[in-house]
Amino acid sequence: MLLIMGFREGEGMPQPPSSGAPSAEEFMKYQQELRQAGVHVDAGLLQSFEDATQVQVNDAGERLVTNGPFAESREYLGGYQIIDVPDLDAARDWAARCPGAKYGRVEVRPLAEF
Amino acid sequence: MGPAGIPVEPVEAVFREEHGRLLALLAARFGDLDLAEEVAAEALLAAVETWPRSGTPREPLAWLATTARRKALDRIRRDATLATKLAVLHADADPARRAEPVTEHEHIPDDRLQLLFACCHPALDLDAQTGLTLRYLAGLSTAEIAQAFLVPPATMAQRLTRGKRKIQQSRIPFRVPGPDELAGRLSLVLHVVYLIFTEGYAATGHQDLLRCDLVDEAIRLTRILHRLMPGEARVTGLLALLLLTDARRPARVDSRGMAVSLEDQDRSLWDTSMIEEGARLTTQALSQHPPSSWSVQAAIAAVHDEAPSALQTDWRQVRLLYDELFALTPTPVVALNRAIAISWHEGPQAGLARLEALADQPSLTRQHHWHAARGHALARLSRHAAAAEAYRRASELAQTPAEIAYLSARAARYAAPG
């Protein structure tokens with residue numbers, strides 16, 4: 001399962017006591033819990049959407065490179081976790097424990113099998 | 001619907017009755033609703049071919065389950081992709097259970113609760129939850145469900161397909177939630193069942209019999225739940241409430257298709273055996289813990305059902321129960337019903353004051369009940385012109401022909417000069 005951490009612009013996020021984002025310690029602790037439970041597969045934090053670049057290839061094989069994230073997105077993706085769990089309920093529990101869920105929201109998406 | 005000349009009624013009767021159990025069993029076993037549906041259909045086909053010749057087996061469900069399971073195992077053996085997929089899905093399942101020998105006389109477990117909790121999972125939207133529950137637990141066809149909810153069959157088919165795909169792809173488990181989550185998840189299940197009931201009940205009097213079938217299906221589903229969770233107060237309470245409400249069905253609409261209000265109903269038409277069962281279950285529900293709003297609603301319905309007439313109803317008791325219900329679920333609808341009880345208990349003046357206090361609740365003023373209750377209180381105070389106006393407004397907001405007819409007639413009656 002893929003857990004996508006993000007938040008929506010203007011969404012009334014509960015204001016954390018000190019800063020606007022979960023602390024590094026919180027994430028470290030969460031990562032450790034995932035590893036200890038044996039469900040961790042991969043994880044990553046994303047740089048700001050302002051650093052995003054889009055790449056498309058048209059029919060003629062030409063590359064089209066544009067600045068910015070997908071669409072005029074008002075939802076900002078901050079990072080992801082890939083975890084190996086048996087079902088949605090287990091994934092949901094891990095999503096709820098993710099520090100990102102307290103500051104924004106976490107989307108749970110199953111990975112397609114090839 | 002079988003080949004000409006072969007009587008298939010017994011097979012279909014068994015299948016309709018056992019469809020939910022069979023699917024639940026197969027879904028829990030293989031973790032794949034598609035596969036469960038397909039092999040269940042194949043098993044039915046085999047039954048249609050075999051039973052007329054060999055006779056209906058002593059344990060039809062066991063026969064169908066065994067046949068369906070063999071067909072599923074055949075498929076898995078033939079289809080390596082499917083086998084891998086199921087192996088992934090069932091990485092955590094007990095391998096011994098999968099390998100156990102299949103016999104026709106084994107005890108058949110009832111896995112319907114697991115399937116019901118999967119169909120009513122919060123990750124599915126409410127439309128999908130009701131549709132999937134009727135399709136898989138009640139065994140209604142897609143066309144029947146579409147007709148019951150007044151949507152085109154293609155829309156319902158798409159809704160079911162999406163819901164099923166979500167169960168599959170996002171791996172919604174076929175499992176009864178653990179104790180920490182059970183209360184919340186059970187509320188969702190009961191909400192779905194109640195929605196199915198009210199959808200059918202509101203349509204009583206429609207020419208469309210299928211919609212009334214929803215009432216029977218909701219009661220049947222609640223009976224199943226009650227059998228599987230006998231100690232659960234909310235389930236007992238809901239079953240009691242549904243029985244006590246449906247007991248009045250024969251008197252709710254007159255021969256001309258007009259709705260009859262509770263006070264005017266011919267109470268000799270009420271179903272006494274349903275009332276007895278409902279009252280017994282209410283007592284049981286009220287003694288179970290934790291207290292549930294379903295049990296209190298059932299108690300209110302029981303007071304009405306056991307009263308010889310509206311006037312002889314124990315309105316004090318009804319009012320106290322509404323106080324209790326409002327404490328448990330302080331919603332505008334409960335406040336409205338409490339105001340109506342007060343108007344019977346303390347008089348129309350007191351009731352009207354309570355109703356007027358709710359005039360700022362758009363969820364109430366958008367629906368006909370609040371206007372009809374006002375009309376009723378005003379009429380009792382002999383304020384006929386105001387009553388006529390309130391009833392007219394109610395008739396404009398009512399949805400079913402029976403209600404519109406009733407409310408329009410009221411409006412006309414009080415609008416009449418003199």
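How many residues does the contact take from chain B and from chain A? I looked that up first: nine from chain B and six from chain A, with contact meaning C-beta atoms, placed from the backbone, within 7 Å.

Residues are numbered from 1 along each chain as its sequence is written, with chains lettered from A and ligands numbered from 1 in the order written.

Next, confidence. Chain B has a mean pLDDT (the predictor's confidence in each residue, from 0 to 100) of 86, and 89% of its residues reach 70 or more. I marked residues 90-106 of chain B, where pLDDT stays under 50. Where pLDDT is low, the predicted coordinates should not be read in detail.

Then the fold. I find 22 helices and zero strands in chain B, taken as DSSP runs numbered from the N terminus (helices H or I, at least four residues; strands E, at least two).

Last, I checked α15(B), residues 293-306. Twelve of its 14 residues are buried, so this helix is largely enclosed by the rest of the structure; buried means 20 or more other C-beta atoms, placed from the backbone, within 10 Å of a residue's own. Those buried residues, including Trp294(B) and His304(B), pack against α12, α14 and α16 of chain B.

Definitions and conventions: Predicted model: local features only at pLDDT ≥ 70, side-chain atom pairs only at ≥ 80, totals over all residues. Contact = placed C-beta atoms within 7 Å. Expected span 1.5 Å × (residues − 1).
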